[in-house]
Number of protein chains: 2
Amino acid sequence: MTSDDDKLSAEDRLIARFFKPVATHPGALGLSDDAAFLTPPKGCDIVLKTDAIIGGVHFFAEDDAGTVARKALRVNLSDLAAKGATPLGFLVSLALPKDIGEAWLASFAEGLRADADAFSCPLFGGDTDRTPGPIMISVAMIGSVPQGSMVRRAGARAGDLVFVTGTIGDAALGLVLRKGAAWPLNEAQRAHLLSRYLLPQPRNALADTVRTYASAAMDVSDGLAGDLAKLCRVSQVAAEVEVKHVPLSDAAQAAIAADPAMLETALTGGDDFEIVCTVPPAKADSFRAAARGVGVPVAEIGCVVTGAGARFLSADGPALAFKRASFSHF
Amino acid sequence: MTSDDDKLSAEDRLIARFFKPVATHPGALGLSDDAAFLTPPKGCDIVLKTDAIIGGVHFFAEDDAGTVARKALRVNLSDLAAKGATPLGFLVSLALPKDIGEAWLASFAEGLRADADAFSCPLFGGDTDRTPGPIMISVAMIGSVPQGSMVRRAGARAGDLVFVTGTIGDAALGLVLRKGAAWPLNEAQRAHLLSRYLLPQPRNALADTVRTYASAAMDVSDGLAGDLAKLCRVSQVAAEVEVKHVPLSDAAQAAIAADPAMLETALTGGDDFEIVCTVPPAKADSFRAAARGVGVPVAEIGCVVTGAGARFLSADGPALAFKRASFSHF
């Protein structure tokens, strides 16, 4: 008599059905093994990053599962972009409440697949567990850079210029809007802010440019003010930012016009997934041109000086004082 | 005026205090950056694995925090061992309920540090979040093997011998014991089973030997019967195991003598974190000698044949039929 162990377990079936299509790298072995392997690109360092998102903390339970999957990937891809790294692939660890069924998983896996394709970042392996708590998606991202070239927070020097990509504050304002803020926005403005919260647009297109020209960089995930201060701390410098130069979308400007307190939310709220970096003045024109070449808008917002801290200067007064410069879970 | 963003956030303080001492690799940058880098060993593939443990699911909430940390690492180290890989380091993602305080974290980090040292496997980075649910610890493990040499589940051939390391069933029986089983065991036997559940003893000492001699291998985490069946499925072969040759500890033998149904628990319960592997007969003596050389007990339990499934043969009857050949969360 043969035991039934030659049949696939429910967990193995789930993996084969939903996640195997995302595991396109040959070293993932179709997720049929305990581990995956990867031959590192010649002359490269491996870059490692992990970030998790939790239902009810980082996203709403009712959010579309495919969008949740893409957010889980993109918050990690954004770090690779800021470090000048190219994605190689990822691992995912899923804790699923009992009420997560096959429809949710199918949509989640489709979202993973779409972004794994879009960012050339296949699934190398994963782990699925049932949990009595909220859903948690933990991604470990693996990238590469030419040896010794990972862009760090350390490296900014007095005299460097401070740049950010895209626009700042949209996601944080999108979250406030989603919670019920009644600003007089038009439909396009509402949609812009809400979508920036729902789905980050990481700047991986700029990774090579950052690696070539930036003296220091990080992604803006916990708020521009606090994140720039972190960069300054590790670089042992200070930064002075002209608030009027911080790029704001049309929608963010409308929200701030309706409620001036929203300026602080924009500068400290986080979830931007833009890049803040410092560039030596002699390289600034080349940096701008390279960014234009890959279609990523960049704005010069200030400069690096000696000292400590990041000061945000308004046109006609003292530096802004923030209640809380950046988001922290603790 | 300077905002307070030049001070460390609570999350950064927590990381600097508890986790920085575990991040001894220079590429971890003292956990002061967004990502870490690692120059891969020359001529090597990177091996990737992730596995998570959840409070109330994989361990008891009252378990010692340092032991929980070591379990989280070791369930992943065990996979590297079975794949013939050497640990390089790990990432950890932590979801912490509000009632987890500094004492728990200090003990947790000390456990991480102890095993990071013992297994030469430093912390490369992490992520900490608050959760309204149970504690979850997700580890992503990075290892290396000489290029093209990761040992797979596929590769077993009819005629190969089946080996397991150590003893089988102790952890599964330890869990039953912890839940209140009243077997007539002496104190040493009780302690043995309980400790095997609490803290895996992965066979990383055997990694090179497995890589040199095994045709296929995996770690036994979900039960010997089911895991061997998985190996057979991917290798497209069958296995026949003599139950009397499956190595059982003195404590497991006493538990099974008290309750014969515990034999099935031992063979299917999981959490062994031993290695099951197949070895061509011509290499079996060398495999045994190499295992002896690194102090890891190995036992020949059966052989690979054509067909499908893993059959567990008793001395005087038909193959055992298991209710459930291996543990599954789904």
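The contact between chain A and chain B takes 79 residues from chain A and 79 residues from chain B, where two residues are in contact if their C-beta atoms, placed from the backbone, lie within 7 Å. This is a predicted model, in which local features need pLDDT of at least 70, side-chain atom pairs count only at pLDDT 80 or more, and totals for chains, interfaces and linings use all residues. Residues are numbered from 1 along each chain as its sequence is written, while chains are lettered from A and ligands numbered from 1 in the order in which they are written.

**Where the chains meet**

- Strand S2 (residues 44-54) of chain A supplies the largest share of the side of chain A that touches chain B, with 9 residues. Helices (H or I, at least four residues) and strands (E, at least two) are DSSP runs, numbered from the N terminus.
- That side of chain A divides into 40 nonpolar, 20 polar and 19 charged residues. Here Ala, Val, Leu, Ile, Met, Phe, Trp, Tyr, Cys and Pro count as nonpolar, Asp, Glu, Lys and Arg as charged, and the others, Gly among them, as polar.
- Strand S1 (residues 36-38) of chain A pairs with strand S2 (residues 44-54) of chain B in the antiparallel sense over 3 bridges; two strands pair if DSSP finds at least two bridges between them.
- Within this pairing, Leu38(A) has Ile46(B) as its bridge partner in S2(B).

**A sheet with strands from both chains**

- Follow the order S1(A)-S2(B)-S5(B)-S3(B)-S4(B) and you have walked across an open sheet of 5 strands with mixed pairing.
- S1 of chain A and strand S4 (123-130) of chain B stand at the edges, each with a single partner strand, so one side of each is left without a neighbour in the sheet.
- From one strand to the next, the twist averages 20 degrees.
- S2(B) also pairs with strand S5 (residues 136-146) of chain B, in the antiparallel sense and over 11 bridges. In S5(B), Met136(B) is the bridge partner of Ile54(B).

**Strand S10 of chain B and its partners**

- Strand S6 (residues 161-165) of chain B runs antiparallel to strand S10 (residues 298-305) of chain B, and 5 bridges join them. Val162(B) has Gly302(B) as its bridge partner in S10(B).
- Strand S8 (residues 238-242) of chain B pairs with S10(B) as well, in the antiparallel sense over 4 bridges. Here Glu240(B) stands opposite Cys303(B) in S10(B).

**The two domains of chain A**

- Chain A is assigned domain 1 (10-146) and domain 2 (161-313), with bounds that come from an automatic or database domain assignment.
- Taken over C-alpha atoms, the centres of these domains of chain A are 26 Å apart.
- Their contact takes 18 residues from domain 1 of chain A and 17 residues from domain 2 of chain A.
- On the side of domain 1 that touches domain 2, helix H2 (65-82) and strand S3 (86-96) of chain A are the elements that give two or more residues. H2(A) gives the most, with 11 residues.
- By class, that side of domain 1 of chain A has 9 nonpolar, 4 polar and 5 charged residues.

**A helix crossing in chain A**

- The axes of helix H5 (residues 187-198) and helix H8 (residues 250-258) of chain A come within 8 Å and cross at roughly 100 degrees. Axes are lines fitted to C-alpha atoms, for helices over the stretch in contact, and angles run from 0 to 180 degrees between N-to-C directions.
- That makes H5(A) roughly perpendicular to H8(A), a label for angles of 65 to 115 degrees, with those under 35 counting as roughly parallel, over 145 as roughly antiparallel and the rest as oblique.
- Gln189(A), His192(A) and Leu193(A) of H5(A) make the contact with Asp250(A), Ala251(A) and Ala254(A) of H8(A).
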